[in-house]
Amino acid sequence: MQGYGNIDHFADGIENDLFSRAFVFKKENVWLAIINLECCFTTHHLKKAIIDGFNLKHSSSMLSIDNVMFCSQNTHSAPGGYSHYPFFNFSTRGFRPSIFASYKNACIEALSIAYLDIEPSDVFLNVDLIDSESDVAFNRSIEAYNSNNDIEYFDDTRTQFAIDRMIKQFRICSNKSVNKGLINWFGVKGTSISEKNSRIHPDNKGYAASLFENDKSEVRNFVAAFCSESQGDVSPNYYGRSKWWPRGRYDDEFKSAFFSGFIQFENARNIFDSKDHQIPLKDSIDFIHYFVDMSKIVCDSEFTNDKKNHETGSPVLGLSFLEGDGIDKPFLDSVSITLFNSINKYKETLRRIPLITSKKNRIRYQHLKLAHGTKKIFIELQDKKILGYSNLNKIPLPNSLKDLGYEIKKQYNSGALKNNTWAPIILPIQIFIIGEIAIVGFPGEISTIAGKRLKKTLLNVLEKRGVIDVIITSNSNEFCGYTTTYEEYQFQHYEGSFTLFGQHTLAAFQTVYKQMALKLCENRENRILPNLIQPPNFSKEEMDKRTVL
């Protein structure tokens, strides 16, 4: 299964089915679609396969990479092995075509149902705060959160306040006032169920979606999707409430997932049915989408900590990734962490010695240091090194990582790791406009305050075209890890270590999304998009070398 990075996390049965849900919007000749899949994260290559398969089935379709937003609800109890990038398949022992095909076919079917069910409809925005006493979510990185200068301080007994407790959703109904669907956004991770679980399960948001659809079961084809907003540092587990509590509300993790899901469902239903929470949206839609190389972004000084221009760097995973987050993902043992820290210090010393390290490599590491700051280098995902070793057979690994190390070295020796980067660098950047709402397709997970800053950046620009609110859809179209604020990054907690493009990653996203928002303020026919680059194609030969049948 995908999400906890545990090579021994196998599924031996199904507790609850997984679903794909889709919505299609059309206004004159402009089309949009949103697909929500119950899995850990989405990938560009899976999205492309879905759209290609759908367009083969529907030859007159106007759907494309640009106007489809493909997101997940982040369950960590769903099958993995569907990314084309090797880093995300190390713990699943390779690429698994059967999983890729199952997800693709489910999404094509859901999208087809939505596409064929188009009729004149109205969309309403529902917004409300989840009560502060509802134990639905907690900030799992409170020390880093409190380092931001634009927050209210909360100690580690009040972590439930250090999140965005706003719930937002679209209520979709036909012009005949028949409810057709719901798209809900609330930031919390799909980690109510731990890596000890061996049953496939859609976690808390899966429960919320099924509860809502069952509640509206009298309506034909009613679809309820529960998406995630700013969730990078938000856990459904009980951090800060009381030290004797288990991970969630109950010792039974399925009950804990249901508890969190029920709170989300109950709040969604209340504002869905209440006359006091209905804001009708205009019948206008728009979109913009293109790819950027996130390893080479010059950040606008408006968004950097010192108001100077800085650049992102090639993607690097930090050593504190191995320490977990202390709440959802367990720690590696202290002996292994001590070993890796020792190797890191040794390699850092060697990189500064001219007789050992070439000038070219010394300059390269200087650039990495500028971009990544306090991060201790663990895996260089573009330069294909682990702990500084380009020959992966030489990496000394403790017994705790023996099986994972064997898998990595097996793929390395087969030649499966040499052709492309190990994680995505060319990322999809996307914004939808539906009525007066901007929906950001964000290719990863973003922390609470990083999300707040990105939304403010976009709203400042898009207000001029009538936008009243910005919603972030996490884990959309691709997965590039996490994005924290500059201040949070300095702590190098799990989220900061997994912020792959360095300490200015948020500033880079603010820069490129602002540029995109400015384009959206131009007439569609006058928009000139940047020079288009595309994610890499992976050859059949390369994929075959790391495929598990």
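**Buried residues, cores and cavities in a predicted model**

Student: Is H76 buried or exposed?
Tutor: This is a predicted model, in which local features need pLDDT of at least 70, side-chain atom pairs count only at pLDDT 80 or more, and totals for chains, interfaces and linings use all residues. Residues are numbered from 1 along each chain as its sequence is written, and side-chain values use heavy atoms, with hydrogens and water left out. Buried means under 20% relative accessible area, exposed over 50%, and partly exposed in between, with a 1.4 Å probe and protein chains only. Because its relative accessibility is 5%, H76 counts as buried.

Student: Which backbone oxygen does the side chain of H76 reach?
Tutor: H76 touches M1, Q2, G3, Y4, H9, C40, G190 and T191, where residues up to four places away in sequence are not counted and contact means heavy atoms within 4.5 Å. At 2.9 Å, the side chain of H76 reaches the backbone oxygen of N74.

Student: What is the relative accessible area of L381?
Tutor: Leaving aside neighbours within four places in sequence, L381 is in contact with F87, P315, T421, W422, A423 and L500. The C-alpha atoms of L381 and I425, which are 44 residues apart along the chain, are separated by 9.2 Å. L381 is classed as buried because its relative accessible area is 0%.

Student: Which residues have the most contacts inside the largest nonpolar core?
Tutor: A nonpolar core is a set of buried Ala, Val, Leu, Ile, Met, Phe, Trp, Tyr and Cys residues joined through side-chain atoms within 4.5 Å. In soluble globular proteins, nonpolar side chains tend to be buried together. The largest such core here has 99 residues, and those with the most contacts inside it are F87, F498 and Y513.

Student: Which residues line the largest cavity?
Tutor: On a 1 Å grid over the protein atoms alone, a cavity is a set of points where a 1.4 Å probe fits but cannot get out, and lining residues have an atom within 4 Å of a point. The largest cavity has a volume of about 60 Å³, a volume being the space filled by probe spheres set on the points, which are joined across faces, edges and corners. Its lining is made up of S141, A144, Y145, D233, S447, T484, E488, H493, E495 and G496.

Student: How much space lies in the second largest cavity?
Tutor: By this rule there are two cavities of 30 Å³ or more. The second largest cavity is lined by S192, P236, N237, Y238, G248, R249, S256, F259 and S260, and its space comes to about 30 Å³.

Conventions: 1 Å grid on protein atoms, 1.4 Å probe; cavity = no way out; pocket = protein on both sides within 12 Å on 5 of 7 lines; lining within 4 Å. Polar contact = N/O pair within 3.5 Å; in protein donor to acceptor, adjacent residues only side chain to side chain.
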